[in-house]
Amino acid sequence: MTTEEGPWASGNEGKPDWSAATRHLSDRDPVLRALIRRIGPCTLVPRPNVFGTLVGAIVAQQISAAAARSIHKRLWALTRGAPPGPRDILKRRETTLRRVGLSRQKIAYLRDLASRIDSGELDLRTLETMEDDAVRAALTAVKGIGDWTADMHLIFTQNRPDVFAPGDAAVLFAMRDLYGLPADAPRAEYARVSDGWRPFRSIGVWYMYEHIHALREARRAD
C-alpha cells in the first residue's frame, strides 16, 4: 500500500518536512545517500481519511493493483463520489458489494471494520494519540487486518517516523537489490540494516518503495 489504495487515499494538507530525516539517513547509510540523491526529497504526507485507507488496504489484499483500483472506483461510485463511510458499508447488501468485485471474505472483513467503528468499539480518532504497539493491537483486532496493514497505517496514514515493515515483500525485495542481501537472508539481517535507519525507519521504507517505483518505470521505458 503506497499511493494507490483508492480515491480517498490522497491528501496533501499538513505536509511534513522530512529534510532532517533525509540528512540523518544520508549521513548514516551510504546506500540510502545515493538513493536519496537519485529520488529526491521525501514527499510522504498523512492521509486524512483513516477509514478509507483501511478499506483500501483490505480491498487490495492478494489482488493486483489494477484490480484493486477498479474495485475502489466501483465502491466509490456507490456513494456517488462521496467518501464511503462505515454505514455505507453496513447498509449495502452483500449482492451489491459482490457486484463491485469484493469477495465474500473481504465483505466480512469490511463489515467487521465498519461495525466496530459504528459501535464505537474502535475509535479511529484516538489512534493518533496511542503508542505504535497500541495502534497495532487496536487494528489487528479487526478481521482481515494483520501486522502488515497496521504497519502500513502507521507509516503512510499517520506518518509515524520510526516504523519498519518486516512483512512487506516489496520492501524486502528493494533491500536485497540495494544492499546485496541474498534471497535466503534471515529476517534478522533485514532488521540489522533497518536498525541503521533509526529513528527514521519509516522514511527508509518510503525510499524502498520509491526504488521499486523507479525500477518499474525503467522497465516500462525499455
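Predicted model: local features only at pLDDT ≥ 70, side-chain atom pairs only at ≥ 80, totals over all residues.
1. Start with α3, which covers residues 50-59. Of its 10 residues, 10 are buried, so the helix is largely enclosed by the rest of the structure. If you want to click through them, the buried set is Val 50, Phe 51, Gly 52, Thr 53, Leu 54, Val 55, Gly 56, Ala 57, Ile 58 and Val 59.

2. What do the buried residues of α3 pack against? The partners are α4 (65-78), α5 (86-91), α7 (104-119), α8 (132-140) and α9.

3. Now for α3 with α9 (residues 147-157): the two axes come within 11 Å and cross at roughly 140°. The crossing is right-handed.

4. Which residues make that contact? From α3 you have Val 50, Thr 53, Leu 54 and Ala 57, and from α9 there are Thr 149, His 153 and Thr 157. By type, the residues of this contact split into 3 nonpolar and 4 polar, with no charged ones.

5. Helix α9 also meets α12 (residues 201-221), with axes that come within 10 Å and cross at roughly 100°. The pair is therefore roughly perpendicular.

6. On the α9 side of this second contact, look at Trp 148, Met 152, Ile 155 and Phe 156; they meet Ser 202, Val 205, Trp 206 and Tyr 209 in α12. Here the tally is 7 nonpolar and 1 polar, again with no charged residues.

Note on methods:
Residues numbered from 1 in each chain as written. Heavy atoms only, no water. Axes fitted to C-alpha atoms, helices over the stretch in contact; angles between N-to-C directions. Helix = DSSP H or I, 4+ residues; strand = E, 2+ residues; numbered from the N terminus. Left-handed = near helix turned anticlockwise from the far one by under 90°. Contact = heavy atoms within 4.5 Å. Nonpolar A, V, L, I, M, F, W, Y, C, P; charged D, E, K, R; others polar. Buried < 20%, exposed > 50% of the residue type's maximum accessible area, 1.4 Å probe, protein only. Parallel < 35°, antiparallel > 145°, perpendicular 65-115°, else oblique.
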